[in-house]
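Points are grouped by topic.

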Amino acid sequence: MAMGNRPEVQTAPAPIAALDVSLLAQQLATALARVPFRRPFEGPSSLLSNLGISVTREVIRSFMGYASSLRIPEFRSLELVLDGICQWMMPPFVRSLDVESHPTEFGGVPGILYVPRRRRPVGVILYLHGGGYIGTSPTMYAFFTARLCRETECATFVADYRLAPEFPYPAGAEDASAAYAELVALGIPRERIFLAGDSGGGGLANTLLLERPEHIDPVRPAGLVLFSPEVDLRLDEPSVTENADRDILPWNIPTTAYLHGTDASSQPLAPLRADLGAFPPTCVTWGGDEMFRDPIRRYVQRLREAGVPTDAREFEGMFHVFQILMPWADDSREAFRHVRTFIHRVVAAAPPLAVTTLTRKLVA
């Protein structure tokens, strides 16, 4: 469910929500009008791809800036509208990928489970969606996570974990822990369980490995898959300012709603300061133009220094979570191929995965 559907969460009256949606449309129209003045055909890719990058950058940045300016109830109402649109639009795209989707829950955490049609899954992915720890929903990620399911041939559960500011840290980590614990309890071989996420969801995946040993140890996942992960909430690396004009993220990235007074340098929230030696094999992809570029580079370096098998790929000229926002781009396709190769390599020698394990859960 979207956060606005939770009984504890307040939403705005319908007239205010309607006004907010109309103002958002104006904001996006203004963003599109700016594109011709941004030298949209310049860049490292083809002319058409460069235009797509420029349009996506302007529109998403404008959307994020506008959404983050709203009062919390209005933000949740806007999110409900977008979630409802995605519920209507996404099912045909999911079916076109030869993937089935099923609303379900693991460990009391609701979400959506994607399963390949007519193929036995080679593994299971617990996916933690991005959104800066404050927004989006599994439904909004439907096309990306269904494609991840198809490309990797893994059953993929997208957890609808609790979000800030209504539920600040550590609520999201607790939900991720509970979902992971039930996957393990179902008897799925650990050699076929993967933890994955993008942006804030990637940060949450790191927190889960660093903070919740009662659920993860000694049954750690077979691998960690991260797309443009948040790995340093201090936001003090050079790329945060150097790439602020090229990324889709707002230059004033909000973190206080999630931290709620917690020290951003504490170990569960700061993998750059933690011991990563017990991490599973890790696959990371990110863009060279994103504000998180430098922290991610240091994160990859620390993984390798800790002896963790690490597949890492930086894509020149790409912004934050380009893999999700521009699925048509050649770099996005290459990122998916990179992840698919990583997962299939990890599960090559793993015990078989009984498809009935997942089928029982769906029937229940």
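Pro-165 is placed in the loop between β4 (154-159) and α5 (171-185), and the peptide bond that joins Ala-164 to Pro-165 is cis, with omega about 5°. The model is a predicted one. The loop between β4 and α5 also holds Pro-170, where the bond from Tyr-169 is again cis, with omega near 15°.

**Backbone geometry**

- Most residues other than glycine have a negative phi, and most peptide bonds are trans.
- Ser-199 is not a glycine, yet its phi is positive, at about 50°.
- Ser-199 belongs to the loop between β5 (193-198) and α6 (200-211), and with a relative accessible area of 8% it is buried.
- Leu-235 likewise has a positive phi, near 55°, in a residue other than glycine.
- The location of Leu-235 is the loop between β6 and α8; its relative accessible area is 24%, so Leu-235 counts as partly exposed.

- Ser-228 is found in the loop between β6 (223-227) and α8 (238-242).
- The relative accessible area of Ser-228 is 0%, and because buried means under 20%, this residue is classed as buried.
- Leaving aside residues up to four places away in sequence, Ser-228 touches Asp-198, Ser-199, Thr-285, Trp-286, Gly-287, Glu-290, Phe-292, Ile-296, His-320, Val-321 and Gln-323.
- Ser-199, one of these contacts of Ser-228, is the residue with the positive phi of about 50°.

**Nonpolar cores**

- In soluble globular proteins, nonpolar side chains tend to be buried together.
- The largest nonpolar core comprises 57 residues, and those with the most contacts inside it are Leu-126, Leu-128, Leu-195, Leu-224, Tyr-258, Phe-279 and Tyr-299.
- Helix α5 supplies the largest share of this core, with six residues.
- Another core, of 42 residues, lies apart from it and includes Ala-142, Phe-227, Ala-335 and Val-347.
- Tyr-258 touches Tyr-133, Ala-164, Pro-168, Tyr-169, Leu-204, Leu-233 and Leu-269, not counting residues up to four places away in sequence.
- Among these partners of Tyr-258 are Ala-164 and Tyr-169; Ala-164 is joined to Pro-165 by a cis peptide bond, and Tyr-169 to Pro-170 by a cis peptide bond.

- Two packed helices are described by the angle between their axes and the distance between the axes.
- Helix α1 (residues 14-34) and helix α3 (residues 72-96) have axes that come within 9 Å and cross at roughly 70°.
- Since angles of 65 to 115 degrees count as roughly perpendicular, α1 and α3 are therefore placed in that class.
- On the α1 side this contact involves Ile-16, Ala-17, Asp-20, Val-21 and Leu-24, and on the α3 side Glu-74, Ser-77, Leu-78 and Val-81.
- The residues of the contact between α1 and α3 comprise six nonpolar, one polar and two charged.
- Helix α1 also packs with helix α2 (residues 47-67), at an angle of about 150° and with the axes 9 Å apart.
- The crossing of α1 and α2 is right-handed.
- This contact is formed by Asp-20, Leu-23, Leu-24, Gln-27, Leu-28, Ala-31, Leu-32 and Arg-34 of α1 together with Val-55, Glu-58, Val-59, Ser-62, Phe-63 and Tyr-66 of α2.
- Nine nonpolar, two polar and three charged residues make up the contact of α1 with α2.
- Asp-20 and Leu-24 of α1 take part in the contact with α3 and in the contact with α2.

**Helix packing of α4 and α12**

- The axes of helix α4 (residues 142-152) and helix α12 (residues 330-347) cross at roughly 50° and come within 9 Å.
- At this angle α4 and α12 are therefore oblique to each other, and their crossing is right-handed.
- Phe-144, Arg-147, Leu-148, Glu-151 and Thr-152 of α4 meet Arg-333, Phe-336, Val-339, Arg-340, Ile-343 and His-344 of α12.
- The contact of α4 with α12 contains five nonpolar, two polar and four charged residues.

**Ser-49 and Met-326**

- Ser-49 sits in helix α2 and counts as buried, at 17% relative accessibility.
- The C-alpha atoms of Ser-49 and Met-326 are separated by 9.5 Å, although the two residues are 277 residues apart along the chain.

How values were computed: Residues numbered from 1 in each chain as written. Predicted model: local features only at pLDDT ≥ 70, side-chain atom pairs only at ≥ 80, totals over all residues. Heavy atoms only, no water. Axes fitted to C-alpha atoms, helices over the stretch in contact; angles between N-to-C directions. Helix = DSSP H or I, 4+ residues; strand = E, 2+ residues; numbered from the N terminus. Parallel < 35°, antiparallel > 145°, perpendicular 65-115°, else oblique. Contact = heavy atoms within 4.5 Å. Nonpolar A, V, L, I, M, F, W, Y, C, P; charged D, E, K, R; others polar. Buried < 20%, exposed > 50% of the residue type's maximum accessible area, 1.4 Å probe, protein only. Core = buried A, V, L, I, M, F, W, Y, C linked by side-chain atoms within 4.5 Å. Left-handed = near helix turned anticlockwise from the far one by under 90°.
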